[in-house]
Amino acid sequence: MGLLAKIAMGATLTTADLALLSSPAVATPTPSRVGTTEVDQLRELTRVLWTQEQQLGGGAVRNAVIAQLGWARTLLNAPHTDNVDHQLHAVLSDLLTLAGWSSHGVGLAGPALRYTGQALTIARQANDHMRAALALNQIGRIYTQSRNYTEAHNAFTLATLSADQADSGQTQALVYASHAQAHASTGQPLRAVDTLIRAESALTNPDNPLPAPRTYTQTLLTGETGLIYTTLATQQPTYATQAIDTLTETTSQPHTLRTKRLAFLLTDLATAHLTGGDPEAGAHIGHQVADTAAHIRSNRLVERLEVMRAASERHPTNSQAVELGHRIGR
């Protein structure tokens with residue numbers, strides 16, 4: 001109390017005072033027995049962290065996710081029933097997948113693959129085909145972003161097999177759409193479009209939806225289609241019209257809980273306009289995106305902004321496009 005009184009009165013603290021106030025890290029005691037209450041708490045926290053990632057990007061949640069992983073692993077070592085064990089493996093796989101995705105979001109490809117590989121291992125141990133497919137799909141997306149397309153195609157092939165075993169239309173559609181992006185990135189438009197058609201067909205199966213808050217709806221597939229057409233448009237401008245139409249449709253929908261995704265969609269919509277010959281519209285949307293991106297911590301979004309900046313250079317005589325390019329380049 002004497003020390004607290006010194007602080008309240010504004011007195012200068014000595015080194016000994018500061019040492020007394022220091023708080024060495026002490027692990028939270030593990031419950032003597034883990035039940036559904038602990039599992040429900042961990043599941044809810046994981047859901048909240050996934051929601052935050054969707055709004056603010058991986059950089060905003062990564063440290064919290066990694067810290068929570070330590071606690072989740074201690075629960076596995078505490079006494080619990082077989083039913084609780086299965087639930088714990090499912091939530092731990094979700095948490096590890098998020099650790100991988102948030103690592104990918106800040107440009108840490110190595111940790112992203114390792115965390116996601118652990119998520120796959122946990123899912124396999126629990127014989128959870130859906131979560132195995134989600135982990136493999138994420139690995140494929142990480143490899144696609146890293147331009148390691150051979151490994152990406154291999155991962156998506158395995159993810160498709162697991163998604164089929166899970167009999168989950170949303171999981172199958174997600175994997176197909178991700179694989180379509182890899183095809184588009186390697187300049188294979190026919191394969192990309194064919195794989196998107198398969199994704200559309202898979203969504204007709206409503207069984208076994210993704211674990212909350214993750215989902216894959218027609219609106220999300222439409223957005224993914226727009227992103228893929230934008231990728232194709234940067235290679236062949238004839239795809240710009242399809243990209244613009246699709247992205248305009250999906251960005252008109254509410255994205256309250258997916259701020260980051262909306263930023264990606266608008267970035268690609270601006271890119272499509274700049275590629276398709278409408279620099280005024282592209283620059284206007286581009287400046288909106290730049291305002292939103294300032295609040296999102298995602299290296300992947302920065303990469304998409306760079307693609308948009310490159311598209312703005314197609315119009316060196318247009319002052320709005322030039323200004324956008326300078327703003328993104330700073």
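Predicted model: local features only at pLDDT ≥ 70, side-chain atom pairs only at ≥ 80, totals over all residues.
Local features need pLDDT of at least 70 and side-chain atom pairs count only at pLDDT 80 or more, while totals for chains, interfaces and linings use all residues. Residues are numbered from 1 along each chain as its sequence is written, and side-chain values use heavy atoms, with hydrogens and water left out.

The largest nonpolar core has 47 residues. Such a core is a set of buried Ala, Val, Leu, Ile, Met, Phe, Trp, Tyr and Cys residues joined through side-chain atoms within 4.5 Å. Buried means under 20% relative accessible area, exposed means over 50%, and partly exposed lies in between (1.4 Å probe, protein chains only). Y216, I228, L301, L305 and M308 have the most contacts inside the core. Helix α13 (residues 259-276) provides its largest share, eight residues. Helices are DSSP runs (H or I, at least four residues), numbered from the N terminus. L301 touches A263, F264, T267, A293 and I296, not counting residues up to four places away in sequence. Here a contact means heavy atoms within 4.5 Å. Another core lies apart from the largest one. This other core has 34 residues, among them V34, V39, Y115 and A123.

Helices α1 (2-9) and α2 (15-21) each supply at least two residues of the patch. L18 is found in α2. L18 counts as exposed because its relative accessibility is 51%.

Side chains of opposite charge can pair when their charged atoms come close. The structure holds 13 salt bridges. In each, a side-chain nitrogen of Lys or Arg lies within 4 Å of a carboxyl oxygen of Asp or Glu. D268 forms one with R304, and their closest N and O atoms are 2.3 Å apart. D268 lies in helix α13 and R304 in helix α15 (residues 299-312), so this pair ties together parts that are 36 residues apart in sequence. D268 is buried at 1% relative accessible area. R304 is also buried, at 18%.

E306 and R309 form another salt bridge (2.5 Å, N to O). Both residues lie in α15, three residues apart, about one turn of the helix. E306 is partly exposed at 37% relative accessible area, whereas R309 is buried at 18%. Elsewhere, salt bridges that share partners join D94, D128, R131 and R214 into one network. D128 bridges to R131, with the closest N and O atoms 2.9 Å apart. D128 is buried at 12% relative accessibility, and R131 is buried at 15%.

A pair of aromatic rings is described by the distance of the centres and the angle of the planes. Rings of Phe, Tyr and Trp (its six-membered ring) pair if their centres lie within 6.5 Å; planes under 30 degrees apart count as stacked, over 60 as edge-to-face and the rest as tilted. The count comes to one aromatic pair. Y229 and Y239 form a stacked pair, 6.1 Å centre to centre, with 20 degrees between the planes. Y229 lies in helix α11 (residues 218-235) and Y239 in the loop between α11 and α12 (240-251), so the pair ties together parts that are 10 residues apart in sequence. Both Y229 and Y239 are buried.
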